[in-house]
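The entries below follow the order in which I went through the topics.

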Amino acid sequence: MDAKKAGASLDSLISSFNTRIAELQDLVIARNMYPASSVPDLSAVDAAVKAMELQVQAIKDRLREETEAIPKAKKLIDASLRQQKILQNMYAHVSSHLPQRMNMFDLDTTRCQPEASKQQPDIGSLKPEEPAALPKEKKGRGSPPLWYITSDELDALSSYMKGRLTLEKVNAAINDMATYAEANAHLISAPKKKLAENLWERALELRDIATTEAVKGKHFFLETDIKGPSLKLDNTGKAILTVLRHLGRISETRIGHHRVIILLKPR
C-alpha cells in the first residue's frame, strides 16, 4: 500500500511539473508575439494623452479668465459712456459760444475798412457789450485731462505702494476725478441767476480757489468732492491718490481748510 501511495504522489508531481512547463512555454510564445518595442509605443500614447489633458486644462483656464473679465469690461464700458457724456457736454458748450467769437472777429475786421471808420462812435458803443471776460474765464479749463496709467507703470511700482490695486481701479478713479473737476468748472463759470443760493456760495468759494497762483488755469477738485463711484475716501482710495501723485497725474495743495487736488496734463 505504501508503494502505491508513493507512486500516485510521484505521478501527481510529474503532472504538475508538466503543467508548469506548458505555462512557461505559453509565456515565451506571448513574449515573442509582443516584443519589447511595444513598450515605448505605449509610453508615447500615454505622453500624448497627458499633453491633451494639459491642453484641455489650459482651455478651461482661459474660459475662466474670460468669464472673470466680463465685469471689468462692463465697468470700462460704463466709464466710456460717462466720458462720452462729458465730451458731448463740452461739444454743446463750445458750439454755443462759437457764434459770439465769430461776431467779434467780424467786428475786428470791419474796423480796418474805410466804411467802418466813419461809424467809430457806434463801434465804440459796442465795446462794453463784448463778452471779453468769458473767454478769459474759460481759458485753460476746456476738457479735464484724462491721463490714464499703463500696465507697465503700475507693474513698475513697488509692491508696498501698489498693494492690491489693479489697472482698472486706478483708471476708473481717474474718470471720477475728471467728473469732479468738470462739475467744479461748470460751477465756476455759471452765472448767479442759474444757481441756487447754496450752490452760489460754493461757486464763490471755488472761484476764490481757482484764482490762487497754484491752481489758476488748471482743473481741480476738493477732497470733499470724493464720493465715488470708483474713487472713495477709504484705504483703497488713499492708495490710488498716492499712486497717482507718485506717477505725476495729480498734485496737491492746501488752500484754507481745503485739500485741493489738481489734475496734471501729459508732458
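I began with terms: helices (H or I, at least four residues) and strands (E, at least two) are DSSP runs, numbered from the N terminus. I noted that the model is predicted, so that local features need pLDDT of at least 70 and side-chain atom pairs count only at pLDDT 80 or more, while totals for chains, interfaces and linings use all residues. Residues are numbered from 1 along each chain as its sequence is written, and side-chain values use heavy atoms, with hydrogens and water left out.

**Pocket**

I took a pocket to be, on a 1 Å grid over the protein atoms alone, an open set of points with protein on both sides within 12 Å along at least five of seven lines, and a cavity to be a set where a 1.4 Å probe fits but cannot get out; lining residues have an atom within 4 Å of a point. Grid points are joined across faces, edges and corners, and a volume is the space filled by probe spheres set on the points.

The largest pocket has a volume of about 510 Å³, and among its 21 lining residues Lys75, Glu168, Lys169, Ala172 and Ser230 lie nearest its centre. Which helix supplies the largest share of this lining? I found that α2 does, with seven residues, while α2 (38–111), α8 and α10 (235–246) each supply at least two. For classes, I counted Ala, Val, Leu, Ile, Met, Phe, Trp, Tyr, Cys and Pro as nonpolar, Asp, Glu, Lys and Arg as charged, and the others, Gly among them, as polar. The lining of the largest pocket then has eight charged, seven polar and six nonpolar residues.

**Cavity**

I next looked at the largest cavity, whose volume is about 70 Å³. Its lining consists of Pro145, Trp147, Ile174, Met177, Arg249, Ile250, Leu263 and Leu264, of which seven are nonpolar, one is charged and none is polar.

**Helices α8 and α9**

Helix α8 (residues 167–189) packs against helix α9 (residues 197–210) at an angle of about 100 degrees, their axes 8 Å apart; axes are lines fitted to C-alpha atoms, for helices over the stretch in contact, and angles run from 0 to 180 degrees between N-to-C directions. The two helices are therefore roughly perpendicular, a term for angles of 65 to 115 degrees.

**Hairpin**

Strands β2 (residues 250–255) and β3 (residues 258–263) run antiparallel and are joined by six bridges. In their hairpin, with two residues between the strands, glycine 256 takes a positive phi near 65 degrees.

Terms used. Parallel < 35°, antiparallel > 145°, perpendicular 65-115°, else oblique. Pairing = 2+ DSSP bridges.
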